[in-house]
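Thank you all for coming this morning.

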Amino acid sequence: MTGTDIRNLCLSALALGICALLPLSGSGYWLSIGVTIVMFTALATSWALFSGPTHYISLATAAFFGVGTYVTGLGFETLPFWSLVGIAAVLGAVLAALVGLATLRLSGVYFVIFTLGLAELVRQVITWVQNRSGQKGLYVLTDISEADIYWMLLALAGAVFLAGWLIGRSRLGFALRIIGDDETVAVHSGINTALSKVLLFMVPGSVAAMTGAILAPRYVYIEPSLAFAPMLSFQVVIMALLGGAGRLWGPLVGVIPFTLLWESISSSFPQQTTLLLGVAFLVIVYLLPRGFVGLLDQIRQRAAPKDPEAQA
Amino acid sequence: MDILITGLLLGGTYALIAMGLNLQYGVARIMNLANGEMLVAGGFAAFWMYTGGQISPFLTIFLLAPLTFALNWLIYKIMLQPLVKRAKTRGQLETDSILATFGLSFVMVGLMLMVFGGDYFNYSYLARPIVIAGDTFALNRVASFLGAVVICGALYIWLNRSRPGLSIRAIAVAPESARLVGINVGHLAALAFALGGAVTAVGGALLSTYLTLDASTGVIFTLKALIIVIMGGVGDVRGTIVAALLLGVVETLVATLLDPGLTLAAAYTLFILILLFRPQGLFGKKPT
């Protein structure tokens, strides 16, 4: 660990500490925006941990998230809240491993298609089970306040950043970067590509499930169409790619502007959010293929073309 | 027997939609996730012509086909060709085209919501009973099935007997070698993409005679078409037809015996089985 690493860690811890002061401001509006931003930061950053190096587009976030909310919804009366978050994490990781084992051995297209329908699949099954038992939805009535949710999500986001930083330094992270660059080379250098991908895919799976478990008390009433809303998966993909999936802090750069834009559009033109989503995808593909981070790099390279530090 | 025939009737129209997607993915190498929206747009057109002008959906398709052909040709030329040129590898093109067609699909849903609103729409056309093998079926289902059979058959013959069909099959098998033997890959890929889009839109018009659609149902049809294409094998017309009929029957079976809300779960079960045991498709050969 070098001096810059320690400095970066201290700065990050300081930033996290400042963010933790937000609920003390007493503004309910900004606290609720803050919860949304921290939630998407955790989701998008963990998404980019997997999809950044491998280039696989996962649309399964909503499925994991919904599983997490249902864990809380079903268990909050009998079990302590912290253990529910743990159970959600394990369930999310197991579900991710199953999906990964079925699809990640094959090409990327199969993975995208499979994850695209995964939330809908789980939703149909849960709806069916509920119809058989005669329930419609679940009430989640707890004494957990919005500020508690915010702090828990902030801790989770911090853990995601730490995990991402550690994975980046580990053998697994190195293996994944090689897989992303050239899968054939990776196989020939003795990397078990399928296993590495499955292992890493378990990270966003478990983080999304934990996020869902933490956020369930905020919804008060949960039903399948709310918990498994497919829009969530797309929002996460857009935010991560808008910021830039190649860097650990990239998604954060996309989350903040897109959340604010989304909030303002959905409050004044609620019918047009789908259109916004579509336009955002097109902007990413045609104008910002490497996200804001790529744009920043370009500007920096132009500003100092002879400075070797800027290109590193 | 009742279930089997209903399933086959449904599967026939699925085959048409999946053929459209297969042309786009197998030849133009574009995983078109806006496929379902093209289908819904076709359904909207048929609905609008029928309620507005009392024009039969089976006449609308003759107008719809050239229009959507032109529209899809433009989409390929303007949106997708730059991506094909930019992509360094097959994988990058796949990622880019998935994101771009996702964008397109959301834009189309957004526009359709703006124009038609979020309501379900359906109309009553040929809703008369007809008796086949002792059971009664709605005439519109049977008519749509026959329409799909005619179009599928024409496509099959065209692909297998004509010169452009041969070139298109060559591109599906080996895009690099096709270029070497003097096939204009760029031109034919655009043609295949446009044709695929037109076939899908026509399929949507046929489906709308008996299914209720709304602006955001497209993604379900995209998923089903994708599952069929993968089950049948990319670029394999015969496999696509068999897989579509199979999906139609399985779906009808689950909807009648278990719960109509589980149709996608049924399709997914088939999909998982295929992925685990025959990832190269029903009739596909193992890649060497």
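Let me start in helix 5 of chain B, where Asn140(B), Arg141(B), Ala143(B), Ser144(B), Phe145(B), Gly147(B), Ala148(B), Ile151(B), Cys152(B) and Leu159(B) are buried. Please keep in mind throughout that this is a predicted model.

Staying in chain B, let us look at one residue in more detail, namely Leu21(B), which lies in helix 1, residues 2–26. Is Leu21(B) buried or exposed? It counts as buried, because it has 31 C-beta neighbours inside 10 Å, and the cut-off for being buried is 20 or more. If we leave aside residues up to four places away in sequence, Leu21(B) touches Asn32(B), Asn35(B), Gly196(B), Thr200(B), Ala225(B), Leu226(B) and Val229(B).

Now I turn to chain A, whose secondary structure comes to 15 helices and two strands. Its radius of gyration is 20 Å, close to the 20 Å that the globule rule gives for 312 residues, so chain A is as compact as a globular protein of that length. Of those 312 residues, 46% count as buried, and among the contacts in chain A between residues at least 6 apart in sequence, 80% join residues at least 24 apart.

As an example of packing within chain A, take helix 6, residues 146–169, and helix 9, residues 193–219, which pack at an angle of about 170 degrees with their axes 9 Å apart. Because an angle over 145 degrees counts as roughly antiparallel, helix 6 of chain A is roughly antiparallel to helix 9 of chain A. Among the residues that make this contact are Ile149(A) and Leu156(A) of helix 6 and Val207(A) and Ile214(A) of helix 9; by class, the contact has 12 nonpolar, one polar and two charged residues.

Finally, where do the two chains meet? Here 29 residues of chain A are in contact with 29 residues of chain B. On the side of chain A, helix 4, helix 5 and helix 13 each give two or more residues, and helix 5 of chain A gives the most, with 13 residues. By class, that side has 18 nonpolar, 10 polar and one charged residues.

Methods. Residues numbered from 1 in each chain as written. Chains lettered and ligands numbered in written order. Predicted model: local features only at pLDDT ≥ 70, side-chain atom pairs only at ≥ 80, totals over all residues. Axes fitted to C-alpha atoms, helices over the stretch in contact; angles between N-to-C directions. Helix = DSSP H or I, 4+ residues; strand = E, 2+ residues; numbered from the N terminus. Parallel < 35°, antiparallel > 145°, perpendicular 65-115°, else oblique. Contact = placed C-beta atoms within 7 Å. Nonpolar A, V, L, I, M, F, W, Y, C, P; charged D, E, K, R; others polar. Rg over C-alpha atoms; globule rule 2.2 N^0.38 Å. Buried ≥ 20, exposed ≤ 12 C-beta atoms within 10 Å, placed from the backbone.
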